[in-house]
Amino acid sequence: MSNELLFDLKNIEKRFVRGRESISIFDGLNITIKKGTFVSIMGPSGSGKTTLLNMLGGVDRPTSGEILFEGQAIQNLGEGELAKWRARHVGFIFQFYNLMPMLNAEKNVELPLLLKNLSKAQRNKSVETALKLVGLSDRARHLPKELSGGQQQRVAIARAIVSDPDLLLCDEPTGDLDRTTATEILETLQLLNKEFGKTIVMVTHDPVAASFANVSLHLDKGQFIEQQSSEAVA
Amino acid sequence: MNNFTLVRKNLTRNKLRLFLNCFAIFIAFLLFGALGAIKNAFDAGVELSADDRLVTVNKINFTQPLPLAYVNKIRTLEGVKDVTWANWFGGYYQEPKNQLMTFAVDPESYFEVYDDVVVDEQELENWKKDRQGILIGERIANARGWKVGDRIPVSSNIFSKHDGSSTWDFNISGIVRPENPQTDTSYTLIHYKYFMETQIWGGDWIGWIPLTTQNPELNEEVSRAVDKMFANSPAETETSTEAQFSKAFVEQMGDIGFIIMSVVMAAFFTILLIVGNSMWQSIKERTSEIAVLKTLGFTAEKVFAMVLAESFLLAALGGILGLGGAWLSIKAITPMTQSILPALVLGHQVFISGLMFIAILGFVTGIVPAWQAMKLNTIEALSRR
Ligand SMILES: Nc1ncnc2c1ncn2[C@@H]1O[C@H](COP(=O)(O)OP(=O)(O)OP(=O)(O)O)[C@@H](O)[C@H]1O
Ligand SMILES: [Mg+2]
């Protein structure tokens, strides 16, 4: 974990307008995330965890405020630029894996590489490496429906890391898995954080899952309460 | 994997749906291709008629004869360019079912009037010199495999010779080739003089008089002048342009073109609805996948292009198979329709308009789903679970 900032969020406001009603999720949120941190975010349902993750990942924008990524304000980038920025910097991992059902594991993993200018050989190499890292080399040709939930989530992780992004955003990545499988997935995330220096922001409802992170945050009523900060979580 | 693989995998993910859509498109384009070719074959007669060519026939009925002397009288009229004459022979080869449309014509003037076909100069010379010579249309030469120099028996189901036989032997002197491939050449030409001398009825009557005018604008005037010249004579005439002649024939058979195009358009419109609905449904089912693609960094334009590419691919797949099927069916039935519809071919005109309709189909069925996919709100789509 370095001392350089990956994210610096300044005075974030987020309001949703529904009809005449306007609900405020965040009202002046400030938070920084250092490079190489594994952050977990917990909090009651509806507290804005997913909304925050979406803003960090450049799929949603704050109503006002600034999101600095490595010093660059991303909230004002155009749609196209933001898409490019995501492809370059962010890997997403969802609760329900969200793999393409008609593509096998290998092709699912290859998907983000279609956005890069790589040769076939380079793409194959990256896919192979990513699948090996999540321990699924032997399932490369399987379709999602032929894989267990845990295995599908591994494919999703491989897809998230295949283009070597700095940041992984995980929304309840173990929410749909049993304890043993969940632990495997969390260990993989931890490995990616420790060995490969990926910054990870993970939303979870599970305190055990949160304990794998080295910074645990609690989100409530649009504000953060830092619970623990340690670098040595087993 | 490349973008095309992704489009292809999306298209083929639901095999049953793909099959049904493809089949519907296939049928529509099969109809389009086959009926289009048939319509063109009917139109060909009208379109390819030279616009400066008139035909004078007996007013009573075109099977009634005219005196040969009319030819020279017509030649004196103002505005007339070339005049020739012809007689119906009613030929067949070996058996009456092998119809061989044969005209007895004047070798010297025939090609002055019919200048949309060509005969090799040497072959034409040989034919003019050989009383028993016959010129055969390219279409017949190809269909029967006859060559210059062959001797063929041609029978008439109307006339007979002095010896009682109704079969004449002819030497093939040359081939009549069209300048435009759709021009009909499924006929044969023999010498008028030789025919008249050898058949038992004798005389110097003729069947009809084809002529050209100096200028298509004179057509009306010339045809009126011709008919006026022979008014109140024992053989009154009726002169019309070749195009009118063919058109009247086609119109008599009901407006085939209109009926055919209505059928094709109804089929096309139906598949537009079926396939459009199916594409829309299929994209709707993929909402969360499209949201994921966008999250991964696929731009809205790229998603738009991919959906549109999918609908184009579907239209092309079914459509090209359909046009191919039409081509095969037309090929299969041509031998049977030679005598009724000699110009029946799936020409590139039909093929190209087929491709155009494929493109329209792809675009119309894909544009709405593509637009929806492009405009899809990623956040809402991902939380809709
Ligand atoms: N597109 C939207 N339009 C209107 N309101 C929204 C929209 N997205 C989220 N919200 C509201 O914002 C609040 C925060 O939603 P969010 O999904 O971020 O919560 P969460 O912390 O992720 O909850 P959970 O733990 O249930 O996933 C909720 O009250 C939700 O109803
Ligand atoms: Mg959430």
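This report describes a sheet in chain A and the interface of chain A and chain B in a predicted model.

## Basis of the model

Residues are numbered from 1 along each chain as its sequence is written, and chains are lettered from A in the order in which they are written. In this predicted model, local features need pLDDT of at least 70, side-chain atom pairs count only at pLDDT 80 or more, and totals for chains, interfaces and linings use all residues, while side-chain values use heavy atoms, with hydrogens and water left out.

## The sheet of chain A

Chain A holds an open sheet of 4 strands in the order β2-β1-β4-β5, with antiparallel pairing (strands are DSSP runs of E, at least two residues, and helices are runs of H or I, at least four; two strands pair if DSSP finds at least two bridges between them). Strands β2 (21-34) and β5 (72-73) lie at the edges, each pairing on one side only. Between β4 (residues 64-69) and β5(A) there are 2 bridges, and L68(A) stands opposite A73(A).

## The interface

The contact (heavy atoms within 4.5 Å) takes 24 residues from chain A and 21 residues from chain B. The two chains bury about 2,200 Å² between them, 71% of it on carbon and sulfur atoms; buried area is the accessible area (1.4 Å probe) that two parts lose on being put together, summed over both.

Helices α2 (79-89), α3 (105-110) and α4 (120-133) of chain A each supply at least two residues of the side that touches chain B, and the largest share, 4 residues, comes from α2(A).
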